[in-house]
Amino acid sequence: SGFHHGLASLSSVLKMHFNTFNMLFYLKKSNIASVSKEIIKFDPCIVLITSCTGQINIVSSFLKSLKIFSSKSFVIVGGPHASALPEETLNLHGVDAVCIGEGEIPLKLFMEKYFNGDDYTSTPGLWFKSEKGEVIKNRKQCVINPDDLPFPDRELFVFQNFINSMPDEVGPEFIGSRGCVFSCSYCAAETIHGKGIRYRSPSNLIKEIKSVINRYSGINFIGFHDNVFTYNKDWLYEFCGRYRKEIRIPFWCNTRVDCLTESDIKLLKKSFCRRIHMGIESGSERIRKHILKRNISSQTIINVFDCVKKHGIRAVAFNMIGLPTETEEDIKSTVFLNRVIRPSWIILSVFQPLPGTDIFAFCAKKPGFKAQTAEDYYTCNTILGQPSVSEEKVKYYYENFIRLVYEKTSDIKVVK
């Protein structure tokens, strides 16, 4: 279940340019063999796989299973892991090519050559293995103008069922921009999208929203998954002006506290925004500034959360624990800061370093770093193995974080 913007965009591009029939499968440990058999029944000429680092071991097992049943399908792996570690991904058994970064144009160019019987090994954005086993490294594809792409293929996901599952909390999700101008040490956005932000025009985004509203029923809430929805003020004010006139459906969005003024909050409120998601990440200013590269003061966080709530908008706080060099006192600072801001909703994860990020390289140099990945972003297990805080303490605070924030007592148990 769920919706994946990248796969939906790829599917729409391929359907626009080729006579393709696209099928979607969700890979889990428990369904590797059954998915392999279903794909063989479908007998595809090309299999496209997207994977984060946490799922790459499942992908590897699936490819071994797939090749047992058939070796005819041409397999391309893309997504965050392949973009960060292309050669490592290409060396997985059964992988014929990897896609680095955004895949819409590289896959279109590849398939044109593939179906015409032409040499495709120089396709920008794709790496291949030669017949001699050598890696053919092509340059990354030039940046894509988001307005040039067709709207995402939501039917690939049986989208009405997705809407029905959480109509008042999530709703259909949209993206008005790609990329980010910030350089948070733990984020892989630059690995995928390159530097900077590329915006869709407000009219293009409004048109997509209208098409979804007209096609699907029961839409009570809408979400915008941009990294920093309020960064470009000119874009924001133009879009919100049109949204409140032409759409008028409550929505949520992501942003940063240092990119949100009271004027922005008033505009969002007037434009039917009902929830804003913002990253605290850590209550320790040392961790935020020197480890996460988020030079935002605790007072700024407090002021913005207070202002958001003052104007009647729900505030959601993202938090991480188990961070590099973090101590138990730092985790307590995160609990305390959440107590002060009292978010409407807390989303907590145990930190996982992602390949392609600055913090991954930092962690890899530290003693005790485990060269493994967690398969779930919201697992309670840390993979750092650092001396400054024990795995047991990280697990304790993960399991009790919400209670410690919202309970009346200010006591915080110290785990021995």
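Leucine 85 counts as partly exposed, because its relative accessibility is 25% and the partly exposed class sits between buried (under 20% relative accessible area) and exposed (over 50%), worked out with a 1.4 Å probe and protein chains only. You'll find leucine 85 in the loop between helix 4 (80-84) and helix 5 (86-90). Helices here are DSSP runs (H or I) of at least four residues, strands are DSSP runs (E) of at least two, and both are numbered from the N terminus. Along the chain, leucine 85 and proline 355 are 270 residues apart, yet their C-alpha atoms are 7.1 Å apart in space.

Before going on, keep in mind that this is a predicted model, where local features need pLDDT of at least 70, side-chain atom pairs count only at pLDDT 80 or more, and totals for chains, interfaces and linings use all residues. Residues are numbered from 1 along each chain as its sequence is written, and side-chain values use heavy atoms, with hydrogens and water left out.

**Around helix 5**

Threonine 89 is in helix 5. Is threonine 89 buried or exposed? It counts as buried, at 1% relative accessibility. Setting aside residues up to four places away in sequence, threonine 89 touches Val77, His81, Ala82, Val95 and Val98, where touching, or contact, means heavy atoms within 4.5 Å.

Next comes leucine 92, placed in the loop between helix 5 and strand 3 (97-99). Leucine 92 counts as buried too, at 17% relative accessibility. Ignoring neighbours within four places in sequence, leucine 92 is in contact with Ile56, Ser60 and Lys129. Its C-alpha atom is 22 Å from that of alanine 364, which is 272 residues away along the chain.

Serine 201 belongs to the loop between strand 8 (196-199) and helix 9 (202-215). Which residues does serine 201 contact, leaving aside its neighbours within four places in sequence? They are Asp147 and Trp235. Between the C-alpha atoms of serine 201 and tryptophan 235 there are 8.0 Å, with 34 residues separating them along the chain.

Phenylalanine 25 sits in the loop between helix 1 (5-17) and helix 2 (32-42). With neighbours within four places left out, phenylalanine 25 is in contact with Val35, Glu38 and Ile39. Phenylalanine 25 and serine 36 are 11 residues apart in sequence, and their C-alpha atoms are 9.7 Å apart.

Here are some residues with their accessibility:

| Residue | Relative accessible area | Class |
|---|---|---|
| Serine 201 | 22% | partly exposed |
| Phenylalanine 25 | 29% | partly exposed |
| Arginine 342 | 37% | partly exposed |

**Two arginines with positive phi**

Most residues other than glycine have a negative phi. Arginine 248 has a positive phi, near 60°, without being a glycine. It is placed in the loop between helix 10 (233-246) and strand 10 (251-255). Arginine 342 isn't a glycine either, and its phi is positive at about 45°. Arginine 342 is in the loop between helix 14 (328-341) and strand 13 (345-350).

**The nonpolar cores**

In soluble globular proteins, nonpolar side chains tend to be buried together. A nonpolar core here is a set of buried Ala, Val, Leu, Ile, Met, Phe, Trp, Tyr and Cys residues joined through side-chain atoms within 4.5 Å. The largest one has 65 residues, and Ile222, Phe224, Tyr243 and Leu268 have the most contacts inside it. Helix 13 (residues 298-310) gives this core its largest share, 6 residues. Another core lies apart from it, with 20 residues, including Ile32, Ile39, Ile49 and Phe62.

**The whole protein**

Zooming out, the protein has 16 helices and 13 strands. Buried residues make up 52% of its 416 residues. Its radius of gyration is 22 Å, which agrees with the value near 22 Å for a compact globule of 416 residues; the radius is taken over C-alpha atoms, and the globule rule is 2.2 Å times the number of residues to the power 0.38. Along its principal axes, the C-alpha trace spans about 65 × 55 × 35 Å. Of the contacts with a separation of 6 or more, 71% join residues 24 or more positions apart.
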